[in-house]
Amino acid sequence: MKVLVASNLLAWDKPGGGETQVLRTLEFLKRKGIEIEYISADSVRKIRSFDIFHVFGVVHHLYDFLLYWKKELKRPSILTPLWWSPEEFYLHTNKLAYLKYKANTLLRRTLKKKWIQLQNVFDIRADIHGLMIYTADVIVTTSVMEKELLGREFGISPNKIEVVYNGVDERFY
């Protein structure tokens, strides 16, 4: 099996917990004999040689690629959203972003998948979280709490979400 992996490209400038999770997940999968390649211009040229596309994080610049993967290549995708609810963050840091987030949440909860379809028809990316979460075939979270939060926030079936707990780095023992 061959997996193409992507994450927020800008995050590698100042790597943190999410990037550590990506690296350790890839190390584990390689030890299990799964061929892994991080997205690059070279991997995009040979895109049809990959079986699965695994995205870590919900970021604008990966949505079009995820959509192409699903619609054009018709291959399975995995999304590890590394999700936290931005509501509290925006409430205390950026009132305009908070209002936009609340409006998107209301539209998503009211219109459900129609909101996603409207965004694609009119080529707007108002709710990138919903767009990527509804597009991915499988969602992988690192806790039951994250799974429940995604279920409440996006109204997606618990059957679409798998929980894979983070491991513990052996360097700490």
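Which residues does I133 touch, not counting residues up to four places away in sequence? Let's start there, and keep in mind that what we are looking at is a predicted model. I133 touches L79, I139, L150, F154, I156 and K160. I133 itself lies in helix α7, and with a relative accessible area of 0%, it is buried.

Leaving out residues up to four places away in sequence, I139 touches L79, P81, I133, L150, I156, K160, I161 and E162. I139 is also one of the residues with the most contacts inside the largest nonpolar core, along with F53, W69, L79 and M132. That core has 31 residues. Which elements give two or more residues to this core? They are β1, which runs over 2-7, then β3, α3, α7 and α8. The largest share, six residues, comes from α3. There is also a second, separate core of eight residues, and it includes V5, L26, L29 and I52. As background, nonpolar side chains tend to be buried together in soluble globular proteins.

Next, the sheet. Please follow the strands in the picture with me. This is an open sheet of six strands, in the order β2-β1-β3-β4-β5-β6, and the pairing is parallel. Which are the edge strands? They are β2, at 35-38, and β6, at 161-163, and each pairs on one side only. On average, neighbouring strands of this sheet are turned by 25 degrees against each other, direction ignored. Looking at one pairing, β1 and β3 run in the parallel sense and are joined over five bridges. V3 stands opposite I52 in β3. A helix joins the picture here as well: α8 packs on the sheet and touches β5, residues 138-141, and β6. The direction of α8 makes about 165 degrees with that of β6.

Let's finish with the rings. How many aromatic pairs does a search of the whole structure find? The search finds three. In one of them, F53 and F65 have ring centres 4.9 Å apart and planes at 65 degrees, so this pair is edge-to-face. F53 belongs to strand β3, residues 52-56, and F65 to helix α3, residues 60-71, so the pair ties together parts that are 12 residues apart in sequence. Are these two buried or exposed? F53 is buried, at 0% relative accessible area, and F65, at 16% relative accessibility, counts as buried as well.

Another pair is Y134 with F154: the ring centres are 6.4 Å apart and the planes are at 85 degrees, so this one is edge-to-face too. Y134 lies in helix α7, residues 128-135, and F154 in helix α8, residues 144-154, so parts 20 residues apart in sequence are tied together by the pair. Y134 counts as buried at 12% relative accessibility, and F154 is buried with a relative accessible area of 3%.

Two last stops. F53, F65 and W69 form one aromatic cluster. And for a ring with a charge above it, look at F50: the charged end of K2 sits over that ring, 4.8 Å from its centre.

Terms used:
Residues numbered from 1 in each chain as written. Predicted model: local features only at pLDDT ≥ 70, side-chain atom pairs only at ≥ 80, totals over all residues. Heavy atoms only, no water. Phe/Tyr/Trp six-rings, centres within 6.5 Å; stacked < 30°, edge-to-face > 60°. Helix = DSSP H or I, 4+ residues; strand = E, 2+ residues; numbered from the N terminus. Buried < 20%, exposed > 50% of the residue type's maximum accessible area, 1.4 Å probe, protein only. Lys NZ or Arg CZ within 6 Å of the ring centre and 35° of its normal. Core = buried A, V, L, I, M, F, W, Y, C linked by side-chain atoms within 4.5 Å. Contact = heavy atoms within 4.5 Å. Pairing = 2+ DSSP bridges. Axes fitted to C-alpha atoms, helices over the stretch in contact; angles between N-to-C directions.
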